[in-house]
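Visitor: I would like to learn how to read a model like this one. Could you take me through its features in turn?

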Amino acid sequence: MTDTSGTGAHAPETTDARYRERMYVTWYWWPLPLIAAVLLSAEIHMGYPGVRAWLPYVVIVPLALLLIVRSGRTKVAVEDGELLVGDAHLPLEFVGEVEVFEAKDKRRVLGPHLDPAAFMLHRGWVGPLLRVQVTDPADPTPYWVFSTRKPAELAAILRAA
C-alpha cells in the first residue's frame, strides 16, 4: 500500500462507463413551476411596499429554478462493474432478470403490483421503466424499478453482464 496523500500523486482513473444518462427535466415541464413562482412572488409583492416588494422575486424564482434543475440531475449508469441509479449502486454480479416496461404499463408496475420493499426511482417526465431483480441473498430489496430513456440499450448491457 502506497500513501500518496500530500505528494500530489493521484490514483489513476479507472472508470469503465458502458452506459450513462442523466434524466433531465424536459422543456415543457419548466413553465408551470416558473409561472407559479412568479405568481407567488407577485402575490407577496402586492402586500408589501419597498424592498420587501422585489425580494420574493429574488428568492422564490431562483429557488424554483434550482428545484427543477436538481430534480433533473438523476444519473443512471453502468460503470466499474456496478449499476448506479441516483445514489444507489448494485454490483452487476447481483443483477438478475431484467424487464422493460413502456410508458403505458407504468400504472400496473408502480401501482398495486409494486413490492413495498423494492427500490424505486421514478421520474414522471421519463416514459419507460426498467425492473431489475436483485439476486443478492443478503439484500432485503427484491428488485429495482427505475426510469430510463433508453431501456432496451440498458437492458441489453445488464443482460450481457
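Guide: We go from the overall fold to a surface patch and then to one residue. This is a predicted model: local features need pLDDT of at least 70, side-chain atom pairs count only at pLDDT 80 or more, and totals for chains, interfaces and linings use all residues. Residues are numbered from 1 along each chain as its sequence is written, and side-chain values use heavy atoms, leaving out hydrogens and water.

Visitor: How many helices and strands does the protein chain have?

Guide: Helices (H or I, at least four residues) and strands (E, at least two) are DSSP runs, numbered from the N terminus. Here there are four helices and eight strands. Their order along the sequence is β-α-α-β-β-β-β-α-β-β-β-α.

Visitor: Which residues form the nonpolar patch on the surface?

Guide: Nonpolar side chains (Val, Leu, Ile, Met, Phe, Trp, Tyr) are joined within 5 Å, like charges within 9 Å. Accessible areas come from the Shrake-Rupley method with a 1.4 Å probe; for residues, only the protein chains shown count as cover. In this case V51, W54, L55, V58 and V59 form the patch, with about 460 Å² together. L55 sits in helix α2 (residues 51–71).

Visitor: Is T148 buried or exposed?

Guide: Buried means under 20% relative accessible area, exposed over 50%, partly exposed in between (1.4 Å probe, protein chains only). T148 is buried, at 0%. T148 belongs to the loop between β8 (143–147) and α4 (151–160).

Visitor: With which side chain does the T148 side chain make a polar contact?

Guide: A polar contact pairs N or O atoms within 3.5 Å; within protein, one must be able to donate a hydrogen and the other to accept it, and residues adjacent in sequence count only if both atoms are side-chain atoms. The T148 side chain makes one with the side chain of Y19 (3.2 Å).

Note on methods
Patch = residues over 30% accessible without salt bridge, like charges linked within 9 Å, V, L, I, M, F, W, Y side chains within 5 Å. Salt bridge = Lys/Arg side-chain N within 4 Å of Asp/Glu carboxyl O.
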